[in-house]
Amino acid sequence: MFAAFDNFPALLIWLPLAGGLLSFFIKSEKGAKANAMIFSLLSLVVMLTALFFTASKHFMLNQVSYVWLPGIGSSFGLILDGLTRILGLLTVIIFPIVFLMVPANRYIHANRFYGLMLLTQCGLLGVFMATDALVFYLFWELALIPVYFLSSVWGGEKRIRATFKFFIYTFLGSLFLLIGILYMYLKTGTGSFGLVAFYNAQLSQTEQFWMFGLFFIAFAIKMPVFPFHTWQPEAYEEAPTPVTMVLSGIMVKMGLFGVLRWLLPMFPLAVKEFNTVIIIVIVAGMVYASFIAIYQDSIKRLVAYSSIAHIGLMAAGAFTLKDSAIHGLTLQMFNHGINIVALWVVADIVERKTGVTRISQLGGIARKAPILTMFLVIAAFANIALPLTNAFVGELMIFNGLFQFKPWIAALAGLSIILSAVYTLNMVKNVFYGEPVAATSTFTEINRIQGLALTVLTGLIFVVGVYPDPFFKLIHETVGLIVNKYVTI
Amino acid sequence: MNAIIVAALWGVLMMYAGFVAKGRSTNLLAVTGVIVLLVVNWLEYLGLSIFSIDTKGMLVYNSFGLLFNEVILFATLMYFLLSGQELGKSNKTPSDLYALIFFILAGIAIIAGFKSLLMLFIGIEIVSIPLYVLAGSAKTNLKSNEAALKYFLMGSFSTGLMLMGIAFLYGDAGTFFLEGINAGMGIISPMKGIGLVLLLASMSFKVSAAPFHFWTPDVYDGSPTVFTSFMATIVKSAGFFAFLKLFESAFGNIHREWQILMAVIVFLTLVIGNVTAVFQQSVKRMLSYSSIAQAGFMLLGVFALNVFAKQGMILYFAAYSLATIAIFAVLARFKDDSIESFNGFAKRQPLVAISLLVSFLSLAGIPLTAGFFAKYFMLLAVLKDATMLWLVVVAILCAAVSVYYYFRVIQAMYFKDVTADQEQQQLPEFNSAFKIIILINSLLILALGIHPDWLTNLL
């Protein structure tokens, strides 16, 4: 059925899937880790190779459609286009780094841990590449199930409750999505789940409104944007750090991706009707989340709330429908993943070395570990989008779009950026500067592996910040297709 | 037709086998019987009828009926393989119980092909009467006796309703044949209306749809777990098949008239089943309510009555029966039905636990399991006609609720540790044959979840 390996999308699905299943049969922890590294690096290699074969020139290499359920009208269709490339690249870069950072002897049954992580990678790549709504839905869920188990088995004290809340929330969202997909399927007229058929479905305005609502709720819960965010801080805090990295770095992009790939092209009338309201609610939520972040004493919660604000900005950018904002947000999805994972890596190192997560109980790390501090400062600058960092490029373009849309909304959103400087720099000051306290008195410098991971991440921050052009070339064509839909209306 | 005669004869054979065969050989004989039934039924599906008896058109088998029967027989095979050991322990003469099950299978085979209300009645009674005996088969257990009596009284009452309904319909149309009742250009005479409502009530009773579900938790909870498993899966599926076929063939023309009644029943069943299941502490009782909740989803098929409904129904029978049979087979080995007794189960029995995991995921309708596509078809069936779409919203909200109680068992198995006093308790033992079969069972659930076409294309 899926015999072919002569194309990139199929390889990107099968490699993590095979590695994940294989991992369950490896007894030793070292072996499992090596296995995970090998398969995640192989995916990275495939992805990097694919960058040299653009979708428009090498059609056969980048798009496949296997026969799956002809009776139902669904085929196993995958595509590697610009939008997919940037998110796929993020995925295959993050996973090896996450694996690298998993400490030895931390998690019992490590082979299962790595196996489930690889299955998550498979699910995520599948979501990004699917060109068939049913396949999209299956991967959407497939990415969720392993994360549920990862967090519930290896998470913190309140893990079962927090993870379950997260699961029920997103599952309810996906059920709405399912109803939307089924209704669209009946409206295609051709009885197909294909992306193109969905784009061409004939819907009345009322139908568009309803369908928009169903899809939007699913994506909004996943992102999450205000007011659907209540599962998020707890889930981030209770999940084991490697899972938190995947959750916040990649998984939340599923929602944004869904908006770009499915929502905007399918329901133009509804988007035009509701976008102002949505943007206002999201931007209000951004400011709200930023204020909460200022009062957080836990590093993990601070990053979680900061993430709500950043994701909110991207979501708001998507609904402005402006060319600049959508370009910016597509790049920013990549940047945000890199930045937040860098922050998590630092937070994880601090937590492992001191056993403390409270900001008020930390201080003076800069004296003990200058290199770590340097990395953190770079990541923190990226988090508040200073020039020369990647986020500056992305967020500037989103703000440009917001400003074109409604200047006062851009001003309100700008408030959240100022607030982000407040809490981020506050955290840096309290944790890293000042006199060392009891918890940090024996703090040591990071080791080589941690240094390597942080070098890669901060390196990417600067590369994109200084020279974003290749990334824009990557996404230009796909983003253009989305924007053009709205030029005519 | 093949299946009725072979099942009936095999039932008689099982009765006499009690004189000679003991223990395992009884089980073996029963398994052989089901395999023979599977083969002869499949032969009929392929067009090879061994017995040709003129029923004056009262029994006609089409591919839907035969496929349904095949699924039911396969579920019975799984049931015998997984629960055979427990079934053997439950009684001194298990061959009697096997004989009763074969008679039930004969009844189900009649239901698979009824074209006349008489045959429907006979089929349902042949299924019901042995069930009353099975429910009370733990003769020394008071709860089992209570369950049997309750089931019998309530069952007789609903049978009465059904007979009365049939009488009214006969009075209206002058025939017992479904086509004859369906004729009449979609006009409802008072007599036909009364008959329809009576049949709706009695069929709802048989499939434990709210508000006719009150007997279900007590009967399912009180009966020996092995037979609860049989009642909740195979017999219930048969009830649904009869329900769907009766309302499609006899009342299809006036579909729009009774759809609103059906919608109310679906709504009540979904909400009551799911919400009550949340509060259960015993897995067995939780599964009783879950069976009501799942019935709500299957009723969506009867509500919609289109091509998706039929495909979904067949898939639902398979998905629901396989998953529930596996869970009950494991549950029957536990001394205690509480959710806590599953604590740490994954560490002690990883293979059985993963099979249970697949079964629970399937019941919850998670993708890549058969349960997902079962629900998928049901939702699609309702969406297709685009009437009363609020039912779809109710259904998915209920599906989200159902995740809560199914996942409680998963959480107990995988995330919770054994408590101190549980460690001293005797653990259920599973031999390797059981492990292999339950694993095959879960692989089948996954296979149908990845490729439902394999089953639905046979329709």
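1. Start with P224(A), which sits in the loop between α9 (205-222) and α10 (232-238) of chain A. Helices here are DSSP runs of H or I with at least four residues, strands are E runs of at least two, and both are numbered from the N terminus. M223(A) and P224(A) are joined by a cis peptide bond, with omega about -15°. Most residues other than glycine have a negative phi, and most peptide bonds are trans.

2. A word on what you are looking at: this is a predicted model, in which local features need pLDDT of at least 70 and side-chain atom pairs count only at pLDDT 80 or more, while totals for chains, interfaces and linings use all residues. Residues are numbered from 1 along each chain as its sequence is written, and chains are lettered from A and ligands numbered from 1 in the order in which they are written.

3. Chain B has a cis peptide bond to look up too: it joins A210(B) and P211(B), and omega is about 0°. You will find P211(B) in the loop between α8 (190-206) and α9 (215-222) of chain B.

4. Now for phi. K56(B) is not a glycine, yet its phi is positive, about 55°. This residue is in the loop between α2 (24-45) and α3 (63-89) of chain B. Is K56(B) buried or exposed? It counts as exposed, because it has 8 C-beta neighbours inside 10 Å. (The cut-offs: buried means 20 or more other C-beta atoms within 10 Å of the residue's own, exposed means 12 or fewer, and partly exposed is in between; C-beta atoms are placed from the backbone.)

5. L305(B), a residue other than glycine, also has a positive phi, near 50°. Its place is the loop between α12 (283-304) and α13 of chain B. With 19 other C-beta atoms within 10 Å, L305(B) is partly exposed.

6. Follow the chain into α13 (residues 307-331) of chain B, which packs with α15 (residues 350-364) of chain B at an angle of about 140°, the axes being 9 Å apart. Axes are lines fitted to C-alpha atoms, for helices over the stretch in contact, and angles run from 0 to 180 degrees between N-to-C directions. The two helices, α13(B) and α15(B), are therefore oblique to each other; angles under 35 degrees count as roughly parallel, over 145 as roughly antiparallel, 65 to 115 as roughly perpendicular and the rest as oblique. The residues of this contact divide into eight nonpolar, three polar and no charged. Here Ala, Val, Leu, Ile, Met, Phe, Trp, Tyr, Cys and Pro count as nonpolar, Asp, Glu, Lys and Arg as charged, and the others, Gly among them, as polar.

7. Helix α4 (residues 94-111) of chain B has 18 residues and spans 26 Å from first C-alpha to last, close to the 26 Å expected at 1.5 Å a residue. That expected span is 1.5 Å times one less than the number of residues. Because 17 of its 18 residues are buried, α4(B) is largely enclosed by the rest of the structure.

8. How many residues of chain A are in contact with chain B? There are 21, and they meet 20 residues of chain B; contact means that C-beta atoms, placed from the backbone, lie within 7 Å. On the chain A side, α7(A) gives the largest share, 11 residues. That side divides into 18 nonpolar, two polar and one charged.

Methods: Contact = placed C-beta atoms within 7 Å.
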